[in-house]
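I opened my notebook to get to know a new structure, one look-up at a time. Here are my entries, in the order I made them.

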Amino acid sequence: MTDKVKMGFIGCGSISHLHAKQLLATGEVEIVALNDTSEESITKFKESFPQTSNCPVYTDCKEMLDAERLDAAAIMSPHSFHFEQAMAALDHGLHVLLEKPMVCGVDRAKRLIAKRDEVGKVLLISYQ
């Protein structure tokens, strides 16, 4: 048995609950850190997923990425933040699950794909 994937959640609003439910159901993921600027979103997330009740909470995703030992990041923040947050996660050597839309603009999409190729990590865009 391998260790679980240690994942940080960036953005803990409504769509994050669906991702958490599905990821935790695999038995292969452990959510170990949370990032959101909304205290209400954090509270609702922790109430919905009691196994995250002791997770450290950050209002700045870069602080979370610097402080925590993560394998992956799930980014479900407003899409205008996706590019910077995904680049930061890839810079930290993490796999990234990125909620749609990927980023704002083709140039940013190309730069993000190039960063993914450079670091050799998985970048998955959630698109039903």
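This is a predicted model: local features need pLDDT of at least 70, side-chain atom pairs count only at pLDDT 80 or more; totals for chains, interfaces and linings use all residues.

Next I looked up the neighbours of strand 4. On one hand there is strand 1 (residues 5–10), which runs parallel to strand 4 (residues 72–75) and is joined to it by four bridges. In that pairing, G8 stands opposite A73. On the other hand there is strand 5, also paired with strand 4 in the parallel sense, over four bridges. Here A73 has V96 opposite, and A74 has L97 as its bridge partner.

I then checked strand 5 itself. Four of its five residues are buried, so strand 5 is largely enclosed by the rest of the structure.

Entry 1: In what order do the six strands of the open sheet come? I read the order as 3-2-1-4-5-6, with parallel pairing. A reminder to myself: strands of a sheet pair through backbone hydrogen bonds, either parallel or antiparallel. The edges are strand 3 (57–58) and strand 6 (123–126), each of which pairs on one side only.

**Entry 2: helices on the sheet.** I followed helix 1 and saw that it lies across strand 1, strand 2 (29–35), strand 5 (95–99) and strand 6. Its direction is at about 175° to strand 1. Helix 2 also packs on the sheet, where it touches strand 1, strand 2 and strand 3. The direction of helix 2 makes about 160° with that of strand 2.

**Entry 3: helix 1 with helix 2.** For a pair like this I want two values, as two packed helices are described by the angle between their axes and the distance between the axes. The axes of helix 1 (residues 14–25) and helix 2 (residues 39–48) come within 10 Å and cross at roughly 25°. Angles under 35 degrees count as roughly parallel, and helix 1 and helix 2 are therefore roughly parallel to each other. Is their crossing left-handed or right-handed? I noted it as right-handed.

The residues that meet are S16, H17 and A20 from helix 1, and K44, F45 and S48 from helix 2. I sorted the residues of this contact into two nonpolar, three polar and one charged.

**Entry 4: helix 4.** Is helix 4 (residues 82–91) largely enclosed or open? Eight of its ten residues are buried, so helix 4 is largely enclosed by the rest of the structure. I listed the buried ones as H82, F83, Q85, A86, M87, A88, A89 and L90. They pack against strand 1, helix 3 (61–67), strand 4, strand 5 and helix 5.

I took a second look at helix 5. Its axis and that of helix 4 come within 10 Å and cross at roughly 10°. That makes helix 4 roughly parallel to helix 5. From helix 4, the residues F83, E84, A86, M87, L90 and D91 meet R108, R111, L112, K115, R116 and V119 in helix 5. The residues of this contact divide into six nonpolar, no polar and six charged.

**Entry 5: two backbone details.** First, some background: most residues other than glycine have a negative phi, and most peptide bonds are trans. After helix 4 comes G93, and its phi is positive, near 75°. I also found a cis peptide bond between K100 and P101, with omega about -15°. P101 sits in the loop between strand 5 and helix 5.

**Entry 6: two loop residues.** K121 lies in the loop between helix 5 (106–119) and strand 6. Its relative accessible area is 27%, so K121 is partly exposed. Which residues does K121 contact, leaving aside its neighbours within four places in sequence? I wrote down L90, G93, L94, H95 and R116. I also looked back to A72: K121 is 49 residues from A72 in sequence, and the two are 9.4 Å apart in space, C-alpha to C-alpha.

From T26 to K6 I noted 20 residues in sequence and 13 Å in space, C-alpha to C-alpha.

Terms used. Residues are numbered from 1 along each chain as its sequence is written. Side-chain values use heavy atoms; hydrogens and water are left out. Axes are lines fitted to C-alpha atoms, for helices over the stretch in contact, and angles run from 0 to 180 degrees between N-to-C directions. Angles under 35 degrees count as roughly parallel, over 145 as roughly antiparallel, 65 to 115 as roughly perpendicular and the rest as oblique. A crossing is left-handed if the near helix is turned anticlockwise from the far one by less than a right angle, and right-handed if clockwise. Contact means heavy atoms within 4.5 Å. Ala, Val, Leu, Ile, Met, Phe, Trp, Tyr, Cys and Pro count as nonpolar, Asp, Glu, Lys and Arg as charged, and the others, Gly among them, as polar. Two strands pair if DSSP finds at least two bridges between them. Buried means under 20% relative accessible area, exposed over 50%, partly exposed in between (1.4 Å probe, protein chains only).
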